[in-house]
Amino acid sequence: GGMMSVGQSTRWNADKGEAETYEKENVVTMQLQGGEDYFLAPRLTEYVVKLTAEITKAVNAAIGADGSPILMETHQTNKLAVCRGDKEGKSAFYLKHYDNQGGADRRKLTCLYYMNQQWDPKDGGCFRAFSDKDPNGYEDIEPSFDRFLCFWSDKLVHSVEPYTGLKGRFALTVWLYAADGVEIARDEEAERVHFPDFAQKSRDVTG
């Protein structure tokens with residue numbers, strides 16, 4: 001209840017030529033922080049701690065070059081998000097975006113866990129993963145119960161399709177951080193395909 005707040009994100013405003021913060025309609029979120037708030041959601045908090053330790057070790061062992069880690073084993077941030085439609089027919093959705101848009105952001109791997117025991121395909125809310133080079137190419141992934149999904153925070157353009165259900169779409173996101181010396185990727189060609197206004201502004205500034 002009171003621990004949840006209206007979800008926020010950023011988007012590119014082509015008219016202003018800058019990024020802006022906006023509120024996501026029909027989306028509320030909270031962060032699991034432990035400490036004094038531990039007993040509000042002890043199982044989810046323990047899940048985040050365990051996931052952070054185990055996923056980072058597995059990824060580092062699998063793809064770390066010369067034994068160098070890709071991910072930090074001690075750092076994460078998280079968000080529990082609840083999407084819900086309303087009786088007026090309005091939906092909840094996320095616009096197309098990268099989780100990590102660059103700058104000082106060090107998030108490298110996104111881990112999503114879906115907790116939707118009563119999810120119904122007719123309610124929508126699929127995770128949509130876009131092709132790097134084709135603006136019309138994508139794959140939809142259903143947010144079915146107990147599904148676990150990982151992707152690179154700085155590489156995958158994605159969205160959440162409109163969700164109209166009244167029971168709620170529950171997703172826990174955990175972001176794992178890049179280890180020291182690991183670069184955050186930027187694909188300028190993909191930016192031109194999916195975010196042409198932003199890419200043009202970037203060229204104007206850097207060119």
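Buried means under 20% relative accessible area, exposed over 50% and partly exposed in between, with a 1.4 Å probe and protein chains only. The model is predicted, so local features need pLDDT of at least 70 and side-chain atom pairs count only at pLDDT 80 or more, while totals for chains, interfaces and linings use all residues. Residues are numbered from 1 along each chain as its sequence is written, and side-chain values use heavy atoms, with hydrogens and water left out.

**Exercise 1.** Work out in which order the six strands form the open sheet, and which strands are at its edges.

*Solution.* 
- Start with the terms: strands (E, at least two residues) and helices (H or I, at least four) are DSSP runs numbered from the N terminus, and two strands pair if DSSP finds at least two bridges between them.
- The order is β1-β2-β3-β10-β5-β8, with antiparallel pairing.
- β1 (5-13) and β8 (148-152) are the edge strands, each pairing on one side only.
- From one strand to the next, the twist averages 30°; axes here are lines fitted to C-alpha atoms, for helices over the stretch in contact, and angles run from 0 to 180 degrees between N-to-C directions.

**Exercise 2.** Classify the aromatic pairs Phe-127 with Phe-151 and Phe-130 with Tyr-138.

*Solution.* 
- Recall the rule: rings of Phe, Tyr and Trp (its six-membered ring) pair if their centres lie within 6.5 Å; planes under 30 degrees apart count as stacked, over 60 as edge-to-face and the rest as tilted. The count comes to five aromatic pairs.
- Phe-127 and Phe-151 are 5.3 Å apart centre to centre with 45° between the planes, a tilted pair.
- Phe-127 lies in strand β6 (residues 127-130) and Phe-151 in strand β8, so this pair ties together parts 24 residues apart in sequence. Both Phe-127 and Phe-151 are buried.
- Phe-130 and Tyr-138, at 6.2 Å and 65°, are edge-to-face.
- Phe-130 is buried at 11%, whereas Tyr-138 is partly exposed at 43%.
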